[in-house]
Amino acid sequence: MWKLLAVFLLLAMVPWLGSAYLLGTLTVACYFAVFAMSWDLLFGFANEVNFGPTFLIGAGAYTAGMLNWAGISIAGSLFGGVAAAEVCGLALAVPALRLTGPYFGLVTLASVLLLQQAVIIFAPFTGGEIGLTVRDVFSADPETNYWISLGVCVLTGVVLLLLSRSSVGLILQASSQDRLAAAALGFNVAKHKIAAFSISALFSGLAGAMLVFYMGAASIGTVIDISIGVQIIISAVLGGRRTIFGAALGTLALILAGEALRPVGEIRTFLVSGAALVAILFFPDGLVGQASRLWRTR
Amino acid sequence: MACRSFLGSFALVSLLLVGGGSPLRAADPQTIKIGVIAEESALPGTGISKGAQIAADEINAAGGIAGRKIELVIYDDHSQAADAVRAFQRLVNEDKAVGVIGSYISEVALALQPWAQRTKTPYISTGAASNEISRIIHGDYAHNRFTFQGWLTSSALADSVCDAIKGLLMQKYAIKSAVIFSEDAAWTTPLDAEYANCLAGLGIGVAGHIRFAEDTADYSPLFSQAEDKKADLLVVGLSHTGIQPIVQWAQQQVPLPMVGILSQSTNGTFWKDTNGATDGIVSGMGFSADGVALTPETQPFVKEYTRRFGAPPPYSAFPAHDSIHALARAIAKAGTADPDKLADALEQTDFVGTVGRIQYYSADEQFTHALKYGPGLVQNPFMQWQKAHQVAVWPRAATGAEAAFPAFIHLAPR
Amino acid sequence: MTALRILIDSLAIGSLYALGAVGFTLMFGVCGILNLAHGATMVVAAMTAWMVAGRLGLGGVASLPAGLAAGVITALATYRLVVRPIQQSRALPEAEKEIFILTATLLWGILLREAVAYLFSDSPVSTPALIPGIVRLGRIRLPIDKLLDSFICWGAIAALWLLVNRTKMGQTLLGAAANPRAMTLLGHDLARVYRLTWILYGLLTGLAGVLLAGILGAGSAQSGQLTASAFTIVVLGGLGNVYGSLIAAYAVGTLETTTAYLLSPQIRSIPALLLLVLILYFRPQGLLGRR
């Protein structure tokens, strides 16, 4: 637990050490870390394929964006965004109870595609595929934005970590490995799954909405597109599944690696993806797992 | 096993270190840095960085700005808005760029707009046509004055298409009705609206309006519908799609010609990409077609680009080139690093670039900070693919090339 | 007239969807793998075919074998470099392997897509028509190539059916799909079976890529969409069931075409997506899948 504290202290020192550019990168990384951690709670544990984290993120982000466009304050828009994400989360939870594996994966994929189509078709309300620009933002100051995102990230991390180690996490794991046995033991699998969906939706939607008020704009390419979901999945798996902390670490590693390699040019994505693939093939426990192994054998 | 583990740990730690480090670059205080954000895997994207490079070299050859040379810092954003924002932050904070140009994608330009304001750095988009960019600037000028749309708006593009139809086709053929045929995208909404307006102004009836999803796999239903409406012409807006409808148009031998804005068709490689299906397509933004000479700067730029990079410049290279010159002139004029003065100087831009006389609309005009369109200002040349060449057909080139359509096209003569 | 047009167009696009999906479902049926680099494989095959035909000047006829070869090579590379190391890994518990294969093939697909974009730019290209020209059915003009593609699709699927149901090799494949452990006990070399399946997959997917590029064009930017489309059709039809994939492909093709004709081309993909969600709700195993 105290290694987490060490990392937190390091991150807290960044505003003094780093430039506005590093702060900006880390701000986005913090929000993406929330996405990845929420994904890990639900699917890292439940061993199911979920292509649709962006269904929840996009719902939260676009609802908040549209509300603000219409003149509602940031606080009100955030609340609306979270509410929308919750509704979507529950909508996803229903098929989740009946379907498993690739079938559920397909429903999550379809949900993202449907949301994307809805945004394009209702262009007068959503801005279409180029997105919308919001009136208000949290702040023009990079430090303020950083503290806000870091705060949300840490809060989410702590909550999800505690949850994952509580009965909810254990039951999710148990039901993913042997559904019948878990039910036979008297656990209400459905209730726990729905709870997990709600919590995942809460944080994903919140972080998605907050991202909009950092960036000043929301578009399909930033909060809905499947490629965002892919980034989230890869971050979580690279960092180490079922650790919550690993998802955050993986996100940080991928985003920072991408930025550090920027001078290389267009093959940057190729290199980062290649490194991630090698890492996954050789270190299935992820960054966290490898770090633990190093720590134990020292 | 231990070796593998060690190697692996080393790889992991390096990834983290590389990831965690923020490279510190000692900025050369002698050069003026200008940022360029481009999409290097896309043809129009490479046009931006290459066109900018030629402009920078021209400026440096002429002595730079007040004796200081320009240095371009070019970043790839992979056509993603979030990536472009980070590139912008890096350009301003790490590389100390005085101004940024880039991206032909409207979504990216819109995402960068707030950041131009927040960092008080002038940003000129190069090739994004959406009306939205200038609409936002006009709607809240005080909060958006650092963004410039270095390109024609969708409305201007539509007007230019109508001009071309009038001058090129209506003289020779009887055009009574047309079907508007566009991809369902944000930039085509005002385009189609203006098409409806200006076509009516020409006395051409709009027989139908087909907007299709960008992921359409099968265009046969759409072409069949257009034919059923007995129109003479397809007036087109395609940018994110291009090869799909055009290949199927040629394969199905649809008897209506396609005239309009078809961005992808202006790529020099498009004939090869479509195996000749693009024969007879008439598109605006054909700046590098044979015979186009909008200004004395146009042809020399095309020749230099072709010589240096082995291929003709895509349409985005022209605004990129002109935007660098506009920025350089503004920096020289302002004479100071004060961002507000720089923005003021940019607003007063007035010089002859490769696409025409470069001026930006003012805060009172509808399309604030977009390129001014009109006679004597920026024009939109139309080209037609004929026998593997892009031939300038409108405005009438010195060569006087005529429009020539494939055999399956039916156009009634006047 | 419209009804006839809808029928013909649905059949044509449905056949292309079917060919794209059949390899995907075969891979899942026999090896249990969802290859998320599917779309990228199609694009690599299409690009190779285009390059051979155009840049090397060898014409349309040579492009097809080149595309097929590229498909097979990519498929085998996917197997040897990405999938097999995970399958044989001792560090991973069995239950985890599926999600790792998914993530790894996803990353591999990204790598392929980036490589194609770097070498060719992301501009889509179309492969030359095998037989140019049109054929007239009353007032309807149908490109010969589209008709030919449908026949090729049916031919390929028929060949697959013959292979699976009438040859010894095919019986081995069916056996491995049903019960791999039993096959090992019976003395069959599973590794050989898997290799063979990947080669078949490469051929089918390569063919799909080349034909699709002829009608629609293919570029690196489409690799994700192609995978999603195949995935949708395969799961809708029932994973691992080739007949199910065929039915689903034609169902989706018909829905999309009918929507474009009768409703609006803007919303063409929505009814198919809604149908998908509905079917999965009432029949979670897909149309012909087994529980």
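In this predicted model, helix 1 of chain C (residues 2-31) and helix 9 of chain C (residues 223-237) have axes that come within 9 Å and cross at roughly 75°. The two helices are therefore roughly perpendicular to each other, a term for angles of 65 to 115 degrees. Axes are lines fitted to C-alpha atoms over the stretch in contact, with angles from 0 to 180 degrees between N-to-C directions; helices are DSSP runs (H or I) of at least four residues, and strands are runs (E) of at least two, numbered from the N terminus. Contact means heavy atoms within 4.5 Å. Helix 1 of chain C contributes residues including C:Tyr17 and C:Phe24, which meet residues of helix 9 of chain C, among them C:Phe231 and C:Ile233. By class, this contact has seven nonpolar, three polar and no charged residues.

Between chain B and chain A, 45 residues of each chain are in contact. About 3700 Å² is buried, taken as accessible area (1.4 Å probe) lost on being put together, summed over both parts. Three salt bridges cross the interface, each a side-chain nitrogen of Lys or Arg within 4 Å of a carboxyl oxygen of Asp or Glu. A:Arg262 forms a salt bridge with B:Asp83, with the closest N and O atoms 2.6 Å apart. On the side of chain B that touches chain A, helix 1 of chain B gives the most, with ten residues.

Residues are numbered from 1 along each chain as its sequence is written, and chains are lettered from A in the order in which they are written. Local features need pLDDT of at least 70, side-chain atom pairs count only at pLDDT 80 or more, and totals for chains, interfaces and linings use all residues, while side-chain values use heavy atoms, without hydrogens and water.

Terms used:
Buried area is the accessible area (1.4 Å probe) that two parts lose on being put together, summed over both. Angles under 35 degrees count as roughly parallel, over 145 as roughly antiparallel, 65 to 115 as roughly perpendicular and the rest as oblique. Ala, Val, Leu, Ile, Met, Phe, Trp, Tyr, Cys and Pro count as nonpolar, Asp, Glu, Lys and Arg as charged, and the others, Gly among them, as polar.
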